[in-house]
Amino acid sequence: MPVPPPVQPVFRFAPSPNGLLHLGHALSAIVNHDMAAAMGGRLLLRIEDIDRTRCRPEFEAAIFEDLAWLGLTWEQPVRRQSDHLDLYAAALERLRAMGLVYPSVMSRGEIKAAVAAAEASGEPWPRDPDGSPLYPGRERELSAREQEALIAGGRPHAWRLDVAKAVGRLAEPLTWQETGAGPAGRTGPIAADPAVWGDVVLSRSDAPSSYHLSVVVDDALQGITHVVRGRDLYDATSIHRLLQRLLDLPEPLYHHHRLLLGPDGRKLSKSNGDTGIAAFRAAGRSAAELRAMVL
């Protein structure tokens, strides 16, 4: 029988244009670029611009400028998530048809009050790997008719994945192959544990798709074979693998790299105004200096 040709590796760097790229983004972009080059693969650039309140054209332009200054190249055309909202809606509808999502209407304040009341009675409330309390899931047991009535009432709502029900559909254990390293150096075959996230949001009234849903749809449609990203997204891989299995999407390899930390030991963040690539360039430093520093 003929031997099929090897699959060419496909990598992607996928920033959000909601602020200027900082040095942590530079590290991730460079690692993706260098791994793709070393493996004879392709590098794609994806603009994750679903958050219409925070994403701005000037930040997208700055992304292109910063990456070009770093000497990185990528294939055209650039994919923008805002151009493909119908695809994420179709994926959500497929999960709805399976009975795996439900509308949730509790506000942040209501969730906080429910958690506080439970903890005041001495009951510890479970939290996800990022430290946020898991959603109470009060609407989870509503009938289809009750869910429709809830939506018709006009309250802002989110569509959440019933994670326990979704995991119950799986015929085999959920894993992923890690070529980088997670906390405590975990690598190789990793057992996924989506339950630690509770019922994650897949869509909201003010946002047509969540990061979790759009990223797995995009990775599949773009043929991404290697997902290379910061270690802060290591635990999120459990949810991504669950969605991939439910939607019959291919499984890429995962490689989580170290994070660059600020002087106080926290990871760099746009919202905290950490030093950006543009500021480094404006200070007269070279791309070679930046590369040497972050690597």
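Predicted model: local features only at pLDDT ≥ 70, side-chain atom pairs only at ≥ 80, totals over all residues.
A residue counts as buried when its relative accessible area is under 20%, as exposed when that area is over 50%, and as partly exposed in between. Phe64 has a relative accessible area of 24%, so Phe64 is partly exposed.

**Aromatic pairs**

A pair of aromatic rings is described by the distance of the centres and the angle of the planes. A search of the whole structure finds two aromatic pairs. The table gives both values for each.

| Pair | Centre to centre | Angle between planes | Type |
|---|---|---|---|
| Phe64 and Trp74 | 6.4 Å | 25° | stacked |
| Trp176 and Tyr234 | 5.2 Å | 70° | edge-to-face |

Phe64 belongs to helix H2 (residues 57-69), while Trp74 is in the loop between H2 and S3, so this pair ties together parts that are ten residues apart in sequence. The planes of Trp176 and Tyr234 stand at 70°, and planes over 60 degrees apart count as edge-to-face. This second pair links distant parts of the chain, 58 residues apart. Trp176 is in strand S6 (residues 175-178), and Tyr234 is in the loop between strand S9 (226-230) and helix H8 (237-246). With a relative accessible area of 2%, Trp176 is buried. Tyr234 is also buried, at 1% relative accessibility.

An open sheet is formed by three strands in the order S1-S2-S3, with parallel pairing. Its edge strands are S1 (10-13) and S3 (79-80), each of which pairs on one side only. S1 is joined to strand S2 (residues 42-47) by four bridges. Arg12 has Leu44 in S2 as its bridge partner.

Helix H7 (residues 211-221) lies across S1, S2 and S3 and runs at about 145° to S2. Asp218 is found in H7. Asp218 counts as buried because its relative accessibility is 0%. Leaving out residues up to four places away in sequence, Asp218 touches Arg46, Arg79, Gln81 and Tyr88.

**Nonpolar cores**

In soluble globular proteins, nonpolar side chains tend to be buried together. In this model, the largest nonpolar core has 35 residues. The residues with the most contacts inside this core are Leu95, Leu161, Leu202, Leu213 and Leu242. Two or more residues of the core come from each of helix H3 (85-97), strand S5 (158-161), helix H6 (163-168), H7 and H8.

Which residues does Leu242 touch, not counting residues up to four places away in sequence? They are Leu161, Val163, Ala166, Val167, Leu170, Leu174 and Pro194.

Another core, of 25 residues, lies apart from the largest one. Among its residues are Ala36, Ile63, Val228 and Phe280.

**Ala89 in helix H3**

Helix H3 also holds Ala89. Is Ala89 buried, exposed or partly exposed? Its relative accessibility is 41%, so Ala89 counts as partly exposed. Ala89 and Pro208 are 119 residues apart in sequence, and the distance between them in space is 7.2 Å, C-alpha to C-alpha.

How values were computed. Residues numbered from 1 in each chain as written. Heavy atoms only, no water. Pairing = 2+ DSSP bridges. Contact = heavy atoms within 4.5 Å. Axes fitted to C-alpha atoms, helices over the stretch in contact; angles between N-to-C directions. Phe/Tyr/Trp six-rings, centres within 6.5 Å; stacked < 30°, edge-to-face > 60°. Buried < 20%, exposed > 50% of the residue type's maximum accessible area, 1.4 Å probe, protein only. Core = buried A, V, L, I, M, F, W, Y, C linked by side-chain atoms within 4.5 Å.
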